[in-house]
Amino acid sequence: MKRIVLGLLAATALSASAFAADIKPAIIYDLGGKFDKSFNEAAYNGAEKFKTETGIAYRDFEIQNDAQREQALRKFAEDGNNPIIMAGFSWAAALEKVAVEFPDLQFAIIDMVVDKPNVRSVVYKEHEGSYVVGVLAAMASKSKKVGFVGGMDIPLIRKFGCGYVGGAKAAGATDVIQNMTGDTPAAWNDPTKGGEIAKSQIDQGADVVYAAAGGTGVGVLQAAADAGKLGIGVDSNQNGLQPGKILTSMVKRVDVAVYNAFMDAKDGKFTAGINNLGLKEDGVGYAMDDNNKDLVTEEMKAAAEKAKADIIAGTVQVHDYMSDNACPY
């Protein structure tokens, strides 16, 4: 009997080991690259955490233009990588084709819904997190004028901006100046233009500027710091880019989405469908650390936590711009 039990345990261990060995995870980043200090880098950090914890390596690729999307995705699929994660909504068209061609592989896309039986779509309630940092922005502002610099002018980024306007005005801001960087993917990686837009907003009276613009946001945060004003980062915790000059960052846990997809696949628990992550699910939030602790007073923190609790409880409704392409604030 003992021999049988030991044999079963050995077989189970061998099976689990073989299953883990079959995992060939891969991630493909969006334009801007994996070290953009923002969205893509958050995805990279999730993959790195998985590798550190499991010892399982992953493949990754940084596209240089939109024309590479389908080619890169199909190459990873043909090589048997599984699961394959795509960071960014712009992967949807390529994934619609490739997921059908490789029904036995598992895919995950972040920031877009692709309705296929082998695709996990991870989307976020960015408007909720943006509302909370909007509250902090208005309370930190001396002029009661705050700014928002978006990347590519698309409904997703308008969603960030609308939530921010709602929170800022609820906390006493009289004006929220909003500008987008451009209408092509190049808008995600133009820190020079981001800095110019931030300077223009500061010249109009804004003394806190929120950047939701990928790599472009680095220029926004630099310009705000140079002018003696405050910036607000996005996606990753960007507080350390300009220590003491960044009020907070609206953290979007892209790292968790990547880590969970890899880990679920390893454990045989990968599921398709839509994951919609907001404040309640800890999918979005605001960053506090040693870099901004002197900028956020206890009163401000209490107001942010109250806003967060009210949103989770449903006593404060934050408008989702993408529901009707309009912002009522």
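Me: In which strand does Val284 lie?
Reply: This is a predicted model, in which local features need pLDDT of at least 70 and side-chain atom pairs count only at pLDDT 80 or more, while totals for chains, interfaces and linings use all residues. Residues are numbered from 1 along each chain as its sequence is written, and side-chain values use heavy atoms, with hydrogens and water left out. Strands (E, at least two residues) and helices (H or I, at least four) are DSSP runs numbered from the N terminus. The run of residues 284-286 contains Val284, and this run is strand 12.

Me: Is Val284 buried or exposed?
Reply: Buried means under 20% relative accessible area, exposed over 50%, and partly exposed in between (1.4 Å probe, protein chains only). Contact means heavy atoms within 4.5 Å. Leaving out residues up to four places away in sequence, Val284 touches residues including Tyr124, Met250, Val251 and Leu277. The relative accessible area of Val284 is 2%, so Val284 is buried.

Me: How many residues apart in sequence are the parts that the pair Cys162 and Cys327 ties together?
Reply: A disulfide is a pair of cysteine sulfur atoms within 2.5 Å; those of Cys162 and Cys327 are 2.1 Å apart and form one. Cys162 lies in helix 6 (residues 155-170) and Cys327 in the segment after helix 10 (298-313), so the separation in sequence is 165 residues.

Me: At roughly what angle do the axes of helix 2 and helix 9 cross?
Reply: Axes are lines fitted to C-alpha atoms, for helices over the stretch in contact, and angles run from 0 to 180 degrees between N-to-C directions. Residues of helix 2 that meet helix 9 include Phe39, Ala43 and Phe50, and those in helix 9 include Val258 and Phe262. The axes of helix 2 (residues 39-54) and helix 9 (residues 254-266) come within 7 Å, and the crossing is at roughly 35°.

Me: How far does helix 9 reach from its first C-alpha to its last?
Reply: The expected span of a helix is 1.5 Å times one less than its number of residues. Helix 9 has 13 residues, for which 18 Å is expected; its reach is close to that, at 19 Å.

Me: Which residue with a positive phi follows helix 9?
Reply: Among the buried residues of helix 9 are Ala261, Met263 and Ala265. After helix 9 comes a residue whose phi is near 70°, namely Gly268.
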